[in-house]
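Here is a short tour of one protein model. Keep the sequence and the 3D view open while you read.

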Amino acid sequence: MSDMDDMDDMDDMEGMDGMEDTAKPATPAKAVQLRQQAGQHPAALPTAKASTQTADKDNMASMNMATPAGRAYVSLPPLSPSARWPATPPPVPKVRYIHNMPPVMDHNTYVHILMEQLEGRYAANGSLFRYSGQAWFGTDHDKLWIKSEGTVDSHRTMSDGDHELLYDHALTTYFDLQAGTRLDLDSGPVRAWGAVGVQGLALYFFEVSATAYFNADGVAGKLEGSYDLLITNRLILQPQAELNFYSHTDPARGDSQGFSSIDAGLRLRYEFKRKLAPYIAVTYAGNYGAAAHAPSASRTSPANGPDDLRFTFGLRTWY
């Protein structure tokens with residue numbers, strides 16, 4: 001009982017009511033009374049608290065800090081200017097183009113090799129091997145151009161050896177001017193010519209060339225043309241023809257005045273790869289004029305006979 005009396009006495013101790021008041025949340029009336037006892041204005045503390053909250057909000061805003069879902073993100077101030085990162089970008093120099101046209105990449109050098117005909121021609125009187133190709137090195141405007149063609153028979157006699165070294169200059173987007181030398185070099189007598197002509201892509205994508213030749217004995221000319229007819233994207237039918245003209249007769253080489261010879265073919269190729277295409281063909285090689293039937297070291301087969309029409313197969317390749 002004495003212990004219980006002591007507990008009652010503790011309730012009567014001075015200051016216990018204040019502790020109880022601080023332990024419990026004060027009611028609005030009690031809070032006003034406490035402020036009056038402390039000598040403060042009843043609305044002073046809420047105003048101070050509100051100002052404190054406003055200051056805290058200002059500080060948060062100045063730091064650009066937000067706390068969505070308990071996370072804090074801080075936006076750092078921008079870096080100060082330096083030599084590596086200047087405050088303003090360096091000035092861009094002005095570039096003046098001729099006729100206000102920006103340059104194009106047309107001064108690079110390229111190499112191109114095309115073997116158009118690498119074929120065997122077969123008939124009853126024997127077989128022939130023929131090649132015709134060209135290569136060039138240079139830019140889009142100026143090139144060094146090489147052309148070569150010839151025919152070898154079953155007796156290893158070479159005929160129609162035509163080898164040209166030309167300078168090529170672009171006249172337009174589709175046609176080039178060519179000038180240089182031609183050398184007739186095969187099993188017959190050697191002939192040298194000057195050469196000038198044009199080569200390019202005509203209307204409707206016909207590959208054409210026209211070349212004039214000249215030397216001390218006279219002049220000559222050659223016309224060539226071909227067209228690629230796409231049956232499919234890889235199966236291509238190509239008609240081709242070459243016509244030769246001379247101002248004088250050269251019996252030793254089998255050349256006649258006027259229209260002298262023709263070499264033509266109809267080739268069907270399949271491009272397994274764009275750079276490699278085998279083909280089958282029907283070809284014809286004929287000679288005309290006064291020297292057509294004359295004996296010639298550069299021609300052993302009869303002229304304009306049925307054997308001039310030959311079954312052919314070969315390979316077309318380029319690099």
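Helices (H or I, at least four residues) and strands (E, at least two) are DSSP runs, numbered from the N terminus. This is a predicted model, in which local features need pLDDT of at least 70, side-chain atom pairs count only at pLDDT 80 or more, and totals for chains, interfaces and linings use all residues. Residues are numbered from 1 along each chain as its sequence is written, and side-chain values use heavy atoms, with hydrogens and water left out.

**Overview**

The protein has four helices and 13 strands. Burial is judged by relative accessible area: buried means under 20%, exposed over 50%, and partly exposed in between (1.4 Å probe, protein chains only). Of the 319 residues, 29% count as buried. A contact means heavy atoms within 4.5 Å. Take the contacts between residues at least 6 apart in sequence: 44% of them join residues at least 24 apart.

**Two loops side by side**

Thr 139 sits in the loop between β2 (126-138) and β3 (142-153). Is Thr 139 buried or exposed? Thr 139 is buried, because its relative accessible area is 14%. Leaving aside neighbours within four places in sequence, Thr 139 is in contact with Asp 106, His 107, Asn 108 and Thr 109.

One of those partners, His 107, belongs to the loop between α4 (44-62) and β1 (110-123). His 107 is exposed, with a relative accessible area of 62%. From His 107 to His 141 is 34 residues in sequence and 7.9 Å in space, C-alpha to C-alpha.

**The nonpolar core**

A nonpolar core is a set of buried Ala, Val, Leu, Ile, Met, Phe, Trp, Tyr and Cys residues joined through side-chain atoms within 4.5 Å. Which residues make up the largest nonpolar core? There are eight in all: Trp 136, Trp 145, Leu 166, Trp 193, Ala 195, Tyr 213, Ala 220 and Tyr 246.

**Aromatic pairs**

Rings of Phe, Tyr and Trp (its six-membered ring) pair if their centres lie within 6.5 Å; planes under 30 degrees apart count as stacked, over 60 as edge-to-face and the rest as tilted. A search of the whole structure finds seven aromatic pairs. The ring planes of Trp 136 and Trp 145 meet at 35° with centres 6.1 Å apart, so this pair is tilted. Trp 136 counts as buried at 17% relative accessibility, and Trp 145 counts as buried at 8%.

Trp 193 and Tyr 246 also form a tilted pair, 6.1 Å centre to centre with 55° between the planes. Trp 193 lies in strand β6 (residues 191-201) and Tyr 246 in strand β10, so the pair ties together parts that are 53 residues apart in sequence. Trp 193 and Tyr 246 are both buried. Elsewhere, ring pairs link Phe 245, Phe 259 and Tyr 288 into a cluster.

**The cavity**

On a 1 Å grid over the protein atoms alone, a cavity is a set of points where a 1.4 Å probe fits but cannot get out; lining residues have an atom within 4 Å of a point. Grid points are joined across faces, edges and corners, and a volume is the space filled by probe spheres set on the points. How many cavities of 30 Å³ or more does this rule give? The count is one. The largest cavity has a volume of about 40 Å³. Its lining residues are Glu 116, Ile 236, Gln 238, Arg 267, Arg 269, Tyr 279 and Arg 316. β10 (235-246) and β11 (258-270) are the elements that give two or more residues to this lining.

Tyr 270 lies in strand β11. Tyr 270 is partly exposed, with a relative accessible area of 34%. Tyr 270 and Arg 316 are 46 residues apart in sequence and 9.6 Å apart in space, C-alpha to C-alpha.

**Two positive phi angles**

Most residues other than glycine have a negative phi. Tyr 204 and Phe 205 have a positive phi although neither is a glycine. Tyr 204 is found in the loop between β6 and β7 (206-215).

| Residue | Phi | Relative accessible area |
|---|---|---|
| Tyr 204 | about 65° | 60%, exposed |
| Phe 205 | about 65° | 61%, exposed |

Note on methods. On a 1 Å grid over the protein atoms alone, a cavity is a set of points where a 1.4 Å probe fits but cannot get out, and a pocket is an open set with protein on both sides within 12 Å along at least five of seven lines; lining residues have an atom within 4 Å of a point.
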